[in-house]
Amino acid sequence: MEYLTLALTANAVTVATIYLITNDNIRLGAVTGFAGQILWLTYIYLTAAWAFIPGDVFIFWTYCKHIYNQLQR
């Protein structure tokens, strides 16, 4: 209950990311996804939910890679 606001915010950003990506706004979706992953990593650290780290790191890396590729264009 202590981190409910953080969890709800991270979920809202995830929903916004999925909406943006599925509506052909890939660039902004990648940026919001990156921000959302920072929120999720914070949540994982604060709640010690270490089992989520591998998946979250993979998703975080995917967003970073996409943003980097967009900057190279």
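Which element of the protein has the lowest mean pLDDT, and which the highest? Helix H3 (residues 53–72) has the lowest, at 85, and helix H1 (residues 4–22) the highest, at 94. pLDDT is the predictor's confidence in each residue, from 0 to 100. The protein's mean is 90, and 100% of its residues reach 70 or more.

This is a predicted model: local features need pLDDT of at least 70, side-chain atom pairs count only at pLDDT 80 or more, and totals for chains, interfaces and linings use all residues. Residues are numbered from 1 along each chain as its sequence is written, and side-chain values use heavy atoms, with hydrogens and water left out.

**Helix H1**
- Helices are DSSP runs (H or I, at least four residues), numbered from the N terminus.
- H1 has 19 residues and reaches 27 Å from its first C-alpha to its last.
- Leu6, Ala7, Ala10, Thr17 and Leu20 of H1 are buried (under 20% relative accessible area, 1.4 Å probe, protein chains only).
- These buried residues line one face of the helix, because they fall within an arc of 150° seen down the axis of H1. The arc is that of the directions from the helix axis to the C-beta atoms.
- The face turned away from the buried side carries Thr5, Leu8, Val15, Tyr19 and Thr22, which are exposed (over 50%).

**Before H1**
- Met1 sits in the segment before H1.
- Met1 is exposed, with a relative accessible area of 87%.

**Helix H3**
- Thr62 lies in helix H3.
- Thr62 is partly exposed, at 35% relative accessible area (between the buried and exposed cut-offs).
- The C-alpha atoms of Thr62 and Leu8 are separated by 22 Å. These two residues are 54 residues apart along the chain.

Methods
Helix = DSSP H or I, 4+ residues; strand = E, 2+ residues; numbered from the N terminus. Expected span 1.5 Å × (residues − 1).
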